[in-house]
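Reader: Please take a close look at one part of this model, the nonpolar core, and describe the elements that surround and supply it.

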Amino acid sequence: MLWILISLFFLWCAFREVRASILAPAGFDSPRPIYKPYLGTVLILAVLFAWPTIHRWHFEHYLSVKATELADNHRARVHCNTVLDTMLDPEMLAAGHANPQTGKIGIQHPWCSRLMSYLRHPERASEDELWSLGMFTHESMHVRGELNEAITECEAVQRNYRAAKLLGVPDEIARKNALDYYNVLYKRRGTIGGMQGFYYSDQCAPGKALDERLSDSTWATEVAAAP
Ligand SMILES: [Zn+2]
């Protein structure tokens with residue numbers, strides 16, 4: 001919000017300069033011509049300061065549309081928290097949280113940036129970037145209606161392939177990313193236990209109790225990909 005206020009200040013400077021070329025400013029008998037270098041500079045500054053916020057709004061809208069689709073059309077509204085939002089968030093310690101009643105998904109700083117980085121180069125996704133994909137899918141599953149963390153996470157594991165493709169990741173890479181998440185990050189949760197154990201179930205595997213047998217399941221793609 002601070003950046004937007006600074007941007008508005010520069011817009012006002014630009015407006016004042018243009019107005020002075022039409023109406024005589026106070027203390028002058030006639031309008032004065034626009035000083036173009038000044039006008040250009042303040043307009044560029046206005047755009048530069050507004051850009052991060054506009055870019056974030058655009059990404060939030062994009063994620064909201066994709067999360068709604070993942071949540072079987074339960075309406076999701078994604079908010080990417082700034083540093084200040086995160087500090088003021090009562091659920092600050094969770095990287096993300098969602099409310100199935102309102103559809104609101106809060107993603108803490110800097111997880112939206114990580115998700116953006118992932119989408120820029122999914123073929124070389126880091127662990128953190130894979131976590132950001134998994135978290136996005138996980139929170140969408142809460143909006144879909146599930147509250148139990150282990151079931152929610154298992155629903156997400158099966159849909160990470162779908163989620164990555166919805167976010168524009170090419171098919172082969174989306175498949176690999178979703179399988180890496182399941183085989184490495186998810187299974188590690190089971191071995192670490194503790195808090196991580198709440199998100200894990202040994203029934204979250206092909207043919208087990210939590211397998212939803214989705215046609216585009218992350219697992220189905222593993223079977224399809226097998227020689
Ligand atoms: Zn959760």
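Author: A nonpolar core is here a set of buried Ala, Val, Leu, Ile, Met, Phe, Trp, Tyr and Cys residues joined through side-chain atoms within 4.5 Å; buried means under 20% relative accessible area, exposed over 50% and partly exposed in between, with a 1.4 Å probe and protein chains only. The model is predicted, so local features need pLDDT of at least 70 and side-chain atom pairs count only at pLDDT 80 or more, whereas totals for chains, interfaces and linings use all residues. Residues are numbered from 1 along each chain as its sequence is written, and side-chain values use heavy atoms, with hydrogens and water left out.

The largest nonpolar core holds 39 residues, of which Phe59, Leu63, Ile105, Ile107, Tyr118, Phe136 and Val157 touch the most other members. Two or more residues come from each of helix H2 (36-70), S1, S3, helix H4 (111-120), H5, H6 and helix H7 (171-192); helices (H or I, at least four residues) and strands (E, at least two) are DSSP runs numbered from the N terminus. The greatest contribution, 7 residues, is that of H6. A second, separate core of 6 residues includes Phe10, Ala14, Leu39 and Val42.

Phe136 shows the packing in detail. Beyond its neighbours within four places in sequence, Phe136 is in contact (heavy atoms within 4.5 Å) with Leu63, Lys66, Ala67, Leu70, Leu115 and Leu167.

H6 (residues 149-166) has 14 of its 18 residues buried, so this helix is largely enclosed by the rest of the structure. A kink of about 55° is centred on Arg159, the bend being the angle between axes fitted to the seven residues ending at a residue and the seven starting there. Just after H6, Gly168 adopts a positive phi of about 95°.

The strands belong to an open, mixed sheet of 3 strands in the order S1-S3-S2. S1 (77-80) and S2 (96-98) stand at its edges with a single partner strand each, so one side of each has no neighbour in the sheet. Two strands pair if DSSP finds at least two bridges between them. S1 runs parallel to S3 (residues 104-107), joined by 4 bridges; Cys80 has Ile107 as its bridge partner, and His79 has Gly106. S2 and S3 are antiparallel over 3 bridges, with Ala98 partnered by Ile105. These two strands form a hairpin with 5 residues between them, and Gly103 in the turn has a positive phi of about 80°.
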